[in-house]
Amino acid sequence: MHKSTSQPMPCPTAPYPKKIEINEVAPRDGLQIEARFVPTDDKIRWIDALSTTGLRRIEATSFTSPKAIPNLHDAADVVTGIQRRAGVDISVLVPNLKGTERALACQVDEINLVMSASDSHGLANLRMTPEQSLGQFAAIVEACQGSDVFINASLSTAFGCPFEGEVPETRVLALVEQLIALGIQGVTLCDTTGMANPAQVKRLCDAVLERWPKTPFTLHFHNTRGMGLANALAAWQAGISRFDASLGGLGGCPFAPGASGNVCTEDLVHMFAAMGVDTGVDLDALLDVAATLPTLIGHDVPGQVVKAGKSSRRYAMPER
């Protein structure tokens, strides 16, 4: 067990958010590119353990084609098998209308649509341009009418495309505007291959919050070049209070060269907790779940805090 030995620093004053929400994406984003299939019962036990740690929402799986993502072919069994807990929303990624219908039948709390800000990544990942994705989203929004499901859209390559390079901020803002006009309730800005830097993150976050202050924006960072936590800090300083993260730093887009794992959940929670920011997450409980990952997936993981311990950890003086 990882026990606290000191009190966190007091939370910085406004305008920085005093409380943030963590969306755990490892069961979907983390497992989709693993070399081996994690059995359904193990997934269910893992998600059930995660749901006891104080995480606000968990992206449990993806209702996509089993041929496209074989590791997630058991999506319906996972969602219907997990224990639903009050205060923990279950989110799933859906790539199309068929996936949406399957997700709604499982009574999920949130569906997460996905599209790219760049044409080339959209064609590689979804076989659709951004404009084609938007056309499909209209039918999905209509299909969700009358349900209580929250509709979020993730905008991949919002900070750069591995094929095209820079994605103009004006392009990203125009796509966000179209998403909101369609009736999308929340938007996730994704640094799909870890190309973002803190200054860029701050600029884009400032821009979207100024234009759409009532829209819940989530930031999704990859740690491909070691800047995941720095970028999360920059987003928080802009006023962002919702973050995707993946336990152990698992994950990566199978259609984006060089896309290593997501920003690590326990490392992100540790950083904010040390700063006095309320994440709602029991870090000790989260670290206990993270410690089970190597056995679950069969290899070591990038997360640092589970290996080094929290910054409050103290050691005995060496003997002379």
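A disulfide is a pair of cysteine sulfur atoms within 2.5 Å, and the structure described here holds zero of them. The structure is a predicted model, in which local features need pLDDT of at least 70 and side-chain atom pairs count only at pLDDT 80 or more, while totals for chains, interfaces and linings use all residues. Residues are numbered from 1 along each chain as its sequence is written, and side-chain values use heavy atoms, with hydrogens and water left out.

**Overall form**

The protein has 13 helices and eight strands; helices (H or I, at least four residues) and strands (E, at least two) are DSSP runs, numbered from the N terminus. Its C-alpha trace spans about 70 × 45 × 35 Å along the principal axes. For 320 residues, a compact globule would have a radius of gyration near 20 Å, and the 19 Å of the protein agrees with this; the radius is taken over C-alpha atoms, and the globule rule is 2.2 Å times the number of residues to the power 0.38. Of the 320 residues, 54% count as buried, where buried means under 20% relative accessible area, exposed means over 50%, and partly exposed lies in between (1.4 Å probe, protein chains only). Among contacts between residues at least 6 apart in sequence, 76% join residues at least 24 apart, contact meaning heavy atoms within 4.5 Å.

Strands of a sheet pair through backbone hydrogen bonds, either parallel or antiparallel. Here a closed barrel of eight strands runs β1-β2-β3-β4-β5-β6-β7-β8, with parallel pairing, and the twist averages 25° from one strand to the next. Two strands are said to pair if DSSP finds at least two bridges between them. Strand β1 (residues 21-24) pairs with strand β8 (residues 242-245) over four bridges, and N23 stands opposite D244 in β8. Two bridges join β1 to the parallel strand β2 (residues 57-62), where I58 is the bridge partner of E24. Helix α9 (residues 228-238) lies across β6, β7 (217-221) and β8, and runs at about 165° to β7; axes are lines fitted to C-alpha atoms, for helices over the stretch in contact, and angles run from 0 to 180 degrees between N-to-C directions.

**Buried residues**

| Residue | Relative accessible area |
|---|---|
| R57 | 6% |
| T61 | 1% |
| C144 | 4% |
| C161 | 1% |

R57 has its place in strand β2, and its side chain makes a polar contact (3.4 Å) with the side chain of E110. A polar contact is a pair of N or O atoms within 3.5 Å; within protein, one must be able to donate a hydrogen and the other to accept it, and residues adjacent in sequence count only if both atoms are side-chain atoms. Leaving aside neighbours within four places in sequence, R57 is in contact with E21, I22, N23, E24, D89, E110 and R242. T61 also lies in strand β2, and, with neighbours within four places again left aside, T61 is in contact with residues including R28, L72, A75 and V79.
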